[in-house]
Amino acid sequence: MADGDPGHRRIARTMKRILALDGGGIRALFSIQVLARIEQLFRQERDREDLVLADEFDLFAGTSSGAIVATGLAWGMAVADIEKLYATRGSDLFTRAPWYQRWKSKYRAEAMASVLRTIFSEDGRGKQPALLGSDRLRTLLLVVLRNASTGSAWPLTNNPRAKFNDRKNADCNLDIPIWQLLRASSAAPTYFPPQEIQLGGHRDIFVDGGTSSFNNPALIAVLHATLPQYRLGWPASRADLHVVSIGTGAARARLDKKSVGKINVLDQISYLFPALSGAAVIEQDLLCRVLGDCLHGAPIDSELGNLNTPTMLTPDEQKFSYVRYDRSVEDRAALDDLSMIPLLQAAGKRYAEEHVRLEHLYPRAAS
């Protein structure tokens, strides 16, 4: 279907769209450039300069820094405003803890919390924190965090029909302040301290959602939208459900090039989290390509390729249409390397111009 074809609009009225954002700290500025390109394409197609992505997507999902961006989009923010938050207030988000507290964490939790409380508040000044059930959220939202008290991943949504969103319950998830969820989802170990959240009569401790299997939240978002247990009940087919998944720059975790006998405990610790997190991101991407119709994505590896043709499922059996935007890099920027902001913006813009196309935002035409 050609760009500008009015058939696009007919599809958009019947199709559900999900946008999923990986975690990655300040590297979110790469994915924000991809979002800016998607927003631009929709604005051109709809001939609406004030269009925001909340006008086009039905569910935003995010983990860690991706959760902050996803919530901003669900809030109705333009991409430029979210970029401004990261580009101009990065030093507020990453405010170093006093030297005598750095045995606990590298950065101050309160500095990030203050920014999030102000943005996601009912009054716009942080005096009345918005809750997960707030009407200010224009779309469905899914935020991934990890409950360190129970040892389980917690993908929370504002779906009012969800089991744990019943207002009759004292520990209803809809009553959790949004800023707390985002602080928890982005509480990367050693970077930020864990976040306590009051749930009814008890408190649980939460850490970064990237320590779960869902640093790439695309598949868990699909499951929330389609599995009957989550009580949303969207149809699952390549024509009815469209998923756009955006990464923050893929780099393979590697041990230093030295003999095995010289590899020490610190080498292994610094390797472990990036290796496990990166493997989980690839696994979720792979599963999405197997279950869905992959319209665009870099090769998984040299054997599988990009899996852009049906594999285990026939076209009629595929559960959604799927796009994966991410780039491969040799050395990925650290989560907190603010000096990389201009480079991340430039790399993201180049990538978006080369890869993001309007036809990726619609199902493949039937053959």
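**A close look at one histidine**

Author: His-242 is found in strand S7, which covers residues 241-246; strands here are DSSP runs of E with at least two residues, helices are DSSP runs of H or I with at least four, and both are numbered from the N terminus. The model is a predicted one, in which local features need pLDDT of at least 70 and side-chain atom pairs count only at pLDDT 80 or more, while totals for chains, interfaces and linings use all residues. Residues are numbered from 1 along each chain as its sequence is written, and side-chain values use heavy atoms, with hydrogens and water left out.

With a relative accessible area of 0%, His-242 counts as buried, because that word is used for values under 20%, whereas exposed means over 50% and partly exposed lies in between (1.4 Å probe, protein chains only). If we leave aside its neighbours within four places in sequence, His-242 is in contact (heavy atoms within 4.5 Å) with Met-15, Lys-16, Arg-17 and Ile-18, and also with Leu-295, Ser-321, Val-323, His-360, Leu-361, Tyr-362 and Pro-363.

Buried residues make up 52% of its 367 residues, and of the contacts with a separation of 6 or more, 69% are between residues 24 or more positions apart.

Elsewhere in the chain, the largest nonpolar core has 75 residues, and those with the most contacts inside it are Ile-38, Leu-53, Phe-60 and Tyr-86. Such a core is a set of buried Ala, Val, Leu, Ile, Met, Phe, Trp, Tyr and Cys residues joined through side-chain atoms within 4.5 Å. Helix H2, residues 28-46, gives the largest share of this core, namely nine residues. A second, separate core has 22 residues, among them Leu-219, Ile-220, Trp-234 and Phe-320.

Helix H2 is largely enclosed by the rest of the structure, because 15 of its 19 residues are buried. At 1.5 Å a residue, those 19 residues should span 27 Å, and this agrees with the end C-alpha atoms of H2, which are 27 Å apart; the expected span of a helix is 1.5 Å times one less than its number of residues. Just after H2, Asp-47 takes a positive phi of about 55°.
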